[in-house]
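Thanks for coming, everyone. Please bring up the model on your screens, and keep the sequence beside it.

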Amino acid sequence: MTTTTLTTTQTTTLSSLSHRDRAVLRAVAAGRCQISAGPGAPLSIDGIGCADQLVGPRLIKAGLINAVARPGPAHLTSSGRAVLAAA
């Protein structure tokens with residue numbers, strides 16, 4: 001029996017990010033975001049839950065942010081830093 005593993009690579013361009021996405025990336029860069037342990041990886045910014053419930057999972061899936069442990073502080077990935085620098 002042969003097993004094949006498929007991987008998906010997502011490309012995120014600056015134009016595909018919303019103003020809110022870029023604002024959240026700036027907040028992550030400033031150390032103001034936490035990724036919760038709950039389902040969907042919700043974000044809190046300055047201790048307040050982010051109104052856009054999907055921004056955290058969207059930025060994680062795009063490979064722009066991550067967290068070493070959940071719950072824990074969100075960090076920019078190298079891709080996230082590059083996208084933010086280009087903004």
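Start with Arg-20 and Asp-52. Their side chains meet in a salt bridge, 3.2 Å from N to O. By salt bridge I mean a side-chain nitrogen of Lys or Arg within 4 Å of a carboxyl oxygen of Asp or Glu. Side chains of opposite charge can pair when their charged atoms come close.

A word on what you are looking at. This is a predicted model, where local features need pLDDT of at least 70 and side-chain atom pairs count only at pLDDT 80 or more, while totals for chains, interfaces and linings use all residues. Residues are numbered from 1 along each chain as its sequence is written, and side-chain values use heavy atoms, with hydrogens and water left out.

Back to the pair. Where do Arg-20 and Asp-52 lie? Arg-20 lies in helix 1 and Asp-52 in the loop between strand 3 and helix 2, so the pair ties together parts that are 32 residues apart in sequence. Helices (H or I, at least four residues) and strands (E, at least two) are DSSP runs, numbered from the N terminus.

Are these two buried or exposed? Buried means under 20% relative accessible area, exposed means over 50%, and partly exposed is in between, using a 1.4 Å probe and protein chains only. Arg-20 is partly exposed, at 48%. Asp-52 is buried, at 16%.

Asp-21 forms a salt bridge with Arg-58, and their closest N and O atoms are 2.8 Å apart. This pair links distant parts of the chain: Asp-21 is in helix 1, Arg-58 is in helix 2, and they are 37 residues apart. Asp-21 is buried, with a relative accessible area of 3%. Arg-58 is partly exposed, at 35%.

One more pair. Asp-46 forms a salt bridge with Arg-32, with the closest N and O atoms 2.7 Å apart. Asp-46 sits in the loop between strand 2 and strand 3, and Arg-32 in the loop between helix 1 and strand 1, 14 residues apart. Arg-32 is partly exposed, at 39%. How many salt bridges does the structure hold? It holds 4. Which residues do shared partners join into one network? They are Arg-20, Asp-21, Asp-52 and Arg-58.

Now helix 1 itself, residues 19–29. Asp-21, Val-24, Leu-25, Ala-27 and Val-28 are buried there. What covers them? The cover includes strand 1 (33–35), strand 2 (43–45), helix 2 (55–61), strand 4 (65–66), strand 6 (75–76) and helix 3 (78–86). After helix 1 comes Gly-31, with a positive phi near 80°.

On to the core. A nonpolar core is a set of buried Ala, Val, Leu, Ile, Met, Phe, Trp, Tyr and Cys residues joined through side-chain atoms within 4.5 Å. The largest one has 21 residues, and Leu-25, Leu-43, Leu-59 and Ile-65 have the most contacts inside it. Helix 1, strand 1, strand 2, helix 2 and helix 3 each give two or more residues to this core. Helix 1 gives the most, with 4.

Take Leu-59. Contact here means heavy atoms within 4.5 Å. Leaving aside neighbours within four places in sequence, Leu-59 is in contact with Leu-17, Asp-21, Val-24, Leu-25, Leu-64 and Ile-65. Two strands pair if DSSP finds at least two bridges between them. In strand 3, Ile-48 is the bridge partner of Ile-45.

Look at Gln-34, in strand 1. Gln-34 is partly exposed, at 36% relative accessibility. Its C-alpha atom is separated by 5.2 Å from that of Ala-74, 40 residues apart along the chain.

Last, the cysteines. A disulfide is a pair of cysteine sulfur atoms within 2.5 Å. A search of the whole structure finds 0 disulfides. Cys-33 is buried, at 1% relative accessibility.
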